[in-house]
Amino acid sequence: RNRAVSAPRLEGSGRSARVHAMPPRTLLKKPAAKKPAPAAAVRDDLVAPPVFARILPKNVGGHRDDGKAVAKRLKSWSEEKDDARVTLSDGHGETHYTFPTRVFGPDASQEELFNEVAGPLLQKFLHPSDPQSAFLFAYGQTGTGKTHTIMGPEESWDEVRHSKWGLFPRIVDAVLTTMRGRDTSHAFSCTLSAVEFYFCQGFDLLDDHAQVDVRDGDLLGRKQVEVKTLADVLKVLAAVREHRTTASTKMNPALKAAGGKEKDNKTHGGSSRSHCVLHCVLRLVDRSTRDVKTVSFGTMDLAGAERPKSNDNGFASVMDAVLTYWRDPSQVKPCAQAAIINMELAALRSSVVQAAEAHRRGRRVGAPTQLGTAAVNYMTDVFDGRCHVANIVTLSQAPKCGWETWFACTYAEDVAKLRMPDDLRSAKAKNIGKWNMQCAAMNESAKAALERTPPKGHPSSKFYMRRKVEARHWAQEAKIV
């Protein structure tokens with residue numbers, strides 16, 4: 001290369017050709033290097049979500065003091081508000097986790113959790129002039145009480161204001177009671193929806209498992225049921241109980257009471273094999289200005305993390321699990337369900353870490369554009385700062401579950417490090433007349449797009465399911481408005 005650069009160069013032709021020597025290599029000018037882009041300013045006005053820990057009582061379900069103890073175990077905890085912590089021990093000593101805003105012991109009541117965890121979020125959600133959205137999710141090992149916390153035990157679903165009611169029915173009760181007690185300057189509508197995320201997709205638990213699509217943090221196509229009484233809330237809980245995917249596992253076995261039937265409130269259905277999000281949507285209409293504000297309070301019961309060895313499950317890869325599901329969903333085994341659940345929970349943890357870094361540097365938080373499941377996309381959009389967020393992590397005392405307890409604590413540590421802006425949460429007012437016209441136009445457009453799309457046999461058929469969801473969504477929005 002050096003010889004080629006310094007070789008003589010001919011100019012002209014024939015006898016008149018002249019030889020010109022090339023300049024030495026050292027004299028050749030190199031292109032100027034591009035200056036690095038200035039780093040984004042690090043934000044210091046971000047807010048951390050509260051993270052709570054709830055300790056499962058001893059010898060509940062599969063979390064009994066039997067089996068072989070593992071290296072790590074839950075040794076103690078402090079329920080003091082000023083010194084909340086969880087302590088794990090192993091062969092190297094003790095590790096103190098200080099992520100909890102508050103630790104709830106085995107004797108903590110559902111009412112106590114509601115007042116401490118959901119109470120502050122409800123104050124923001126029900127603010128008279130500036131209502132803001134909220135989101136609460138529960139994470140933990142399978143069988144540690146996530147569904148019990150969010151929805152309550154099955155025995156509480158037959159009675160209004162049962163002493164063991166979960167957080168979600170108590171939230172809806174508080175919304176209805178508060179809104180009825182206000183003056184008549186505002187009209188309101190309260191609707192509930194329930195969606196489960198199973199095998200990377202979203203399905204409507206109130207509409208015969210119709211498919212739901214995730215778009216920019218919203219669940220398109222989900223059925224919204226208006227509730228006016230607490231009896232209506234019990235009907236929604238019964239539908240969720242009937243249609244949610246569950247299975248009996250070693251760590252969370254199904255229990256059938258005498259005279260009970262499968263999927264009734266006398267029976268414990270076992271382990272939840274899907275993530276379930278329950279939404280309470282509140283629409284407030286100012287009668288004088290005809291402006292409407294829409295806010296939502298979401299609660300999410302994540303499927304339990306588990307090691308295959310803990311549940312005596314065989315190994316299944318994510319690819320094998322997905323292929324089995326597509327061939328025949330009835331042939332899916334618990335080990336395949338666990339593979340998908342653990343994959344999504346790991347991706348969700350990555351989303352938490354990435355959202356924390358993006359907010360710190362003032363960058364946009366976005367859901368994965370490739371290989372992102374419906375559950376991960378939905379949760380990632382929640383972390384962009386659009387709503388107040390709180391987390392409950394449930395922990396087991398069983399010596400054989402020490403590794404799962406340790407993993408749950410490290411997971412909660414990452415959530416506690418999340419920092420989000422608080423200037424994006426206020427609901428924007430829309431004129432109900434203009435919104436009505438917009439929904440009617442979108443409804444007609446979506447209906448026309450679906451009508452000209454054949455279900456199969458045409459290149460555009462790949463958009464059929466997507467357009468079907470959009471048509472269902474806008475038809476319902478137009479009806480609600």
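The structure is a predicted model, in which local features require pLDDT of at least 70 and side-chain atom pairs pLDDT 80 or more, whereas totals for chains, interfaces and linings use all residues. Residues are numbered from 1 along each chain as its sequence is written, and side-chain values rest on heavy atoms, with hydrogens and water left out.

Across the whole structure, 13 aromatic pairs were found. The ring centres of Phe135 and Tyr378 lie 6.0 Å apart with the planes at 70°, so this pair is edge-to-face. Pairing applies to rings of Phe, Tyr and Trp (its six-membered ring) with centres within 6.5 Å; planes under 30 degrees apart are stacked, over 60 edge-to-face, and the rest tilted. Distant parts of the chain are linked by this pair, as Phe135 belongs to strand β8 (residues 134–140) and Tyr378, 243 residues away, to helix α8 (residues 374–382). Helices (H or I, at least four residues) and strands (E, at least two) are DSSP runs numbered from the N terminus. Phe135 is buried at 1% relative accessibility, and Tyr378 is buried with a relative accessible area of 1%. Tyr198 and Phe199 form another edge-to-face pair, with 5.0 Å between centres and 70° between planes. Tyr198, at 10% relative accessibility, is buried. One aromatic cluster consists of Phe135, Phe137, Phe197, Tyr378 and Phe383.

The charged end of Arg349 sits over the ring of Phe407, 5.1 Å from the ring centre; the criterion is NZ of Lys or CZ of Arg within 6 Å of the centre and within 35 degrees of the ring normal.

An open sheet is formed by 3 strands in the order β4-β5-β6, with antiparallel pairing. Strands β4 (73–78) and β6 (93–97) are at the edges with a single partner strand each, so one side of each has no neighbour in the sheet. From one strand to the next the twist averages 25°. Two strands pair if DSSP finds at least two bridges between them; β4 and the antiparallel strand β5 (residues 85–90) are joined by 5 bridges. Trp77 has Val86 in β5 as its bridge partner.

Ala339 lies in helix α7 (residues 334–360) and is buried at 12% relative accessibility. Its C-alpha atom is 9.4 Å from that of Arg307, which is 32 residues away along the chain. Leaving aside residues up to four places away in sequence, Ala339 touches Ala316, Ser317 and Val318, contact being heavy atoms within 4.5 Å.

Conventions
Buried < 20%, exposed > 50% of the residue type's maximum accessible area, 1.4 Å probe, protein only. Axes fitted to C-alpha atoms, helices over the stretch in contact; angles between N-to-C directions.
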